Amino acid sequence: MTTPQSLIQSEYKYGFTTDVEQEVVPKGLNEETIRLISRKKNEPEFMLDWRLKAYRHWLKLERQEPTWANVHYPTIDFQDIIYYAAPVSPSEGPQSLDEVDPEILRAFDKLGIPLEEQSRLAGVAIDAVFDSVSVATTYKETLEKQGIIFCSFSEAVQKHPELIRKYLGSVVPYTDNFYATLNSAVFSDGSFAYIPPGVRCPMELMTYFRINQADTGQFERTLIIADKGSYVSYLEGCTAPSRKKNQLHAAVVELIALDDAEIKYSTLQNWFPGDADGVGGVFNFVTKRGKALGRRSKISWTQVETGSAITWKYPSVILQGDDSVGEFYSVALVNNYQQADTGTKMLHIGKNTKSTIVSKGISAGRGNNTYRGLVKILPGAAGAQNYTQCDSLLIGDQCGAHTVPYIEVRNPTARVEHEASTSKVSDDQLFYCMQRGISAEDAHFMIINGFCKEIFNELPWEFAVEASQLLKVSLEGAVG
Amino acid sequence: MLEIRNLHVAIGGTEILKGVDLTVNAGEVHAIMGPNGSGKSTLTNVLAGNPAYQVTAGEVRYQGADLLAMPPEIRAREGLFLAFQYPVELPGVRNREFLRTAVNAIRQHRSLDPMELKDFNKLLQEKIKLMKMDSSLVKRSVNEGFSGGEKKRNEMLQMAVLEPRLALLDETDSGLDIDALKTVAEGVNQLKRPDNAIVIVTHYQRMLNYIIPDFVHVLIDGRIVRSGGRELALELESQGYEGIRGDVAATAGAEAGG
């Protein structure tokens with residue numbers, strides 16, 4: 001009864017392209033490309049210097065991409081990528097929605113992300129990133145009244161260079177890893193948020209990343225700073241057109257939480273996964289890290305990863321402040337020929353730091369799913385605690401699930417727990433549901449959804465339903 | 001409503017049912033009694049369409065149609081309900097949502113619109129009261145962490161909500177204490193209607209003190225060896241299955257000899 005069969009081959013709903021006039025820099029990467037990107041953004045000297053340092057470091061790495069991950073793909077030709085593509089806009093970046101190309105607004109509408117403030121997502125402030133640039137940010141004025149800065153990264157470089165200078169690379173230095181280094185050299189846009197001391201951000205902040213242009217790579221950079229005693233919940237969503245050629249997405253996200261601050265960061269990742277035969281799809285090679293710098297600060301990652309041909313990401317927390325808390329909640333689904341190697345790192349530095357990891361991996365079709373996690377307790381982290389739970393669910397008999405936990409404890413007072421399980425949707429469960437009149441397909445979704453419930457509960461409610469829908473669409477054709 | 005003719009069933013090559021005949025009409029309550037391993041649960045599972053069992057011969061008509069040709073979910077939508085002996089757990093699937101999905105799947109099959117949420121909640125509250133159930137159980141994951149008795153009651157709640165035409169109760173009494181048994185039996189009695197039927201599979205006759213059967217059948221070694229009225233259950237109580245087995249052997253011997 002569990003034998004998977006293709007009932008309906010699901011169509012990737014977000015695979016359309018938008019026809020807009022784009023400004024595109026020639027393919028290839030060299031110092032001139034970087035100077036050009038920096039010039040287009042009218043960046044201050046320090047930014048260009050930083051980019052160039054990163055680029056020179058990247059050259060020294062001599063194409064030494066990380067090879068330890070359990071993913072397989074052909075060599076990427078870094079000279080065959082467009083590093084900057086932006087819709088042509090009348091002014092230096094749009095000042096209001098009226099100035100945004102209507103085609104782009106329509107594209108975001110179609111994606112279910114209307115940018116008008118009185119819409120379905122009323123109450124969510126959105127920064128919309130289209131290829132290499134942010135095209136619009138909503139609710140900026142509302143947020144500004146409380147001193148909250150939410151804008152594109154490029155705008156932050158212009159208006160708040162002191163914050164950028166202070167925090168850029170403070171969590172993920174440009175020397176961190178191959179893809180983070182590449183990103184540091186060529187990143188084009190992304191979101192920036194700063195929450196002032198004591199302010200609880202009154203709405204969800206969201207960035208929606210859309211790749212449109214063919215042959216481009218998207219290299220965005222997000223920086224969120226929660227000042228003392230503040231709170232922010234941030235969400236990102238991502239999609240891309242269906243294309244036969246793989247596209248590279250190498251982002252960097254840095255989070256900083258000061259004393260008593262809390263950042264909740266949620267991701268619904270639905271990049272084009274490639275077709276049923278494994279052709280095309282996005283290579284999602286991303287470095288995400290938060291620094292719980294202040295005492296009693298908290299950083300919580302929640303991710304629902306259903307897209308991309310290959311996912312390589314480990315949203316991590318450096319638990320530096322005493323009593324700080326790090327969390328990682330993840331659902332990673334692979335179907336057809338998708339590969340995911342994802343997990344987290346919890347680095348316990350401060351005293352009585354606490355981390356929780358709950359990872360749910362779902363493998364279907366010929367997908368291959370690996371959880372990779374590191375829990376490291378440093379000598380000074382007296383009383384540190386970690387709880388890790390990794391559950392894998394297999395659908396069919398041609399997929400793979402792997403769990404690779406690394407645990408390093410250098411303080412005798414620390415407590416570390418690890419639990420892992422692998423299961424299948426059992427015939428008994430399916431029969432039970434079907435005996436109540438529920439179809440095999442719905443029964444599968446129900447059971448799989450139940451498996452992920454703990455993680456969906458961590459999402460802002462507006463997106464919990466969407467996550468469950470996403471799961472359903474991504475699994476179509478795998479169960480029945 | 002249900003006509004079983006010469007039903008033979010095997011699991012993994014071993015024959016469990018060796019020619020069962022049974023007719024159940026609307027408005028009737030039947031009890032099937034038998035010792036462990038006699039094939040009682042096999043019978044209910046086969047009727048419900050559990051793919052783990054293979055029908056090797058025989059025929060089953062349900063409401064005039066070929067039951068064995070229907071997939072399990074269609075049987076359910078056509079009003080056949082099995083109260084499981086060992087209900088499974090569905091972690092993370094909320095009991096209430098599960099039931100609502102089931103109700104709407106059945107309604108869709110009957111060309112009805114999905115039930116409005118508030119109507120469903122009302123129905124659910126009504127049935128919770130009928131079964132005297134702890135209402136917090138519907139907010140929890142299906143059967144997860146339920147006690148044996150809670151699981152059985154939950155089965156009865158589902159039955160009450162889904163209002164089947166033919167209900168098969170597989171050892172529903174096991175795991176229930178005497179008070180719970182009485183409550184469940186009262187609930188079942190209230191669900192009895194002239195247009196539906198109930199088949200109770202049980203080891204002991206104690207449940208039959210509360211749900212009075214019209215017919216009792218004794219299933220031993222894959223065959224129904226005796227059928228009778230309620231008094232048969234009482235006879236079983238006093239003589240045990242060994243007594244019946246002896247009788248049957250004697251009768252068979254006499255027939256062969258005569």
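**Stop one: a threonine in chain A**

Select A:Thr222 and show what surrounds it: leaving aside neighbours within four places in sequence, A:Thr222 is in contact (heavy atoms within 4.5 Å) with A:Ser191, A:Phe209, A:Tyr234, A:Val252, A:Val253, A:Glu254 and A:Tyr265. Keep in mind that this is a predicted model, where local features need pLDDT of at least 70, side-chain atom pairs count only at pLDDT 80 or more, and totals for chains, interfaces and linings use all residues. Residues are numbered from 1 along each chain as its sequence is written, chains are lettered from A and ligands numbered from 1 in the order in which they are written, and side-chain values use heavy atoms, with hydrogens and water left out.

Now colour residues 221-226 of chain A: this is strand E8, where A:Thr222 sits (strands are DSSP runs of E, at least two residues, and helices runs of H or I, at least four, numbered from the N terminus). Is A:Thr222 buried or exposed? A:Thr222 is buried, with a relative accessible area of 1% (buried means under 20%, exposed over 50%, partly exposed in between, with a 1.4 Å probe and protein chains only).

**Stop two: chain B**

Next, select chain B and switch to cartoon, where you can look for seven helices and 12 strands. Of the 258 residues of chain B, 52% count as buried. Among chain B contacts between residues at least 6 apart in sequence, 70% join residues at least 24 apart.
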